[in-house]
Amino acid sequence: MKYLCQVWFDGGALAAMTEEEKAELDSNSLDYDKHLAESGHLIVAKALQPPKSAVTVRVRGGEISVTDGPFAETKEALGGFILVEAKDLNDAIRIAAGIPLAKLGAIEVRPIHEFRAQ
């Protein structure tokens with residue numbers, strides 16, 4: 001079964017890190033992605049640009065509305081995601097716990113809904 005691991009963290013914590021700490025975090029993250037790929041769990045992993053680069057799109061009454069940034073004002077923002085294949089939720093939780101950014105923020109694990117063709 002597929003699970004999306006959403007990586008949430010406070011960008012301020014990242015900004016407070018030294019260049020060496022950031023480089024170590026990047027290295028650990030890439031190493032973990034490689035481990036997941038080798039074990040057959042990784043489907044795709046991507047980091048996102050900061051929330052200030054985002055736009056929010058809505059369509060109401062046929063009209064498109066675009067606003068800068070994310071919709072919600074929160075301390076933590078979605079910083080990336082890892083789509084994994086896991087045998088069950090417990091396996092997905094185990095995988096999420098290994099994500100290096102789990103030590104700075106939170107990993108939301110959500111099963112993927114598979115639509116069936118009719």
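Me: Leaving aside its neighbours within four places in sequence, which residues is Ile99 in contact with?

Reply: Contact means heavy atoms within 4.5 Å. By that rule Ile99 touches Cys5, Val7, Tyr32, Ile82 and Ile107, once neighbours within four places in sequence are set aside. This is a predicted model, in which local features need pLDDT of at least 70 and side-chain atom pairs count only at pLDDT 80 or more, while totals for chains, interfaces and linings use all residues. Residues are numbered from 1 along each chain as its sequence is written, and side-chain values use heavy atoms, with hydrogens and water left out.

Me: Is Cys5 buried or exposed?

Reply: Buried means under 20% relative accessible area, exposed over 50%, and partly exposed in between (1.4 Å probe, protein chains only). Cys5 counts as buried because its relative accessibility is 0%. Cys5 is found in strand E1; strands (E, at least two residues) and helices (H or I, at least four) are DSSP runs, numbered from the N terminus. Beyond its neighbours within four places in sequence, the contacts of Cys5 include Phe81, Val84, Ala96 and Val109.

Me: Which residues of the largest nonpolar core touch the most other members?

Reply: A nonpolar core is a set of buried Ala, Val, Leu, Ile, Met, Phe, Trp, Tyr and Cys residues joined through side-chain atoms within 4.5 Å. The largest one here has 17 residues, and Cys5, Val84 and Ile99 touch the most other members. Strand E1 (2-10), helix H2 (19-38), strand E5 (76-85) and helix H3 (89-97) each supply at least two residues of this core. E1 gives the largest share, four residues.

Me: How many bridges join strand E3 to strand E4?

Reply: Two strands pair if DSSP finds at least two bridges between them. E3 (residues 55-60) and E4 (residues 63-68) run antiparallel and are joined by six bridges. Arg60 stands opposite Glu63 in E4. The hairpin of E3 and E4 has two residues between the strands, and Gly61 there takes a positive phi near 60°.

Me: What pattern does the protein follow along the sequence?

Reply: Such a pattern lists helices and strands in chain order. The protein has three helices and six strands, in the pattern β-α-α-β-β-β-β-α-β. Of its 118 residues, 24% count as buried. Among contacts with a separation of 6 or more, 74% come from residues 24 or more positions apart.
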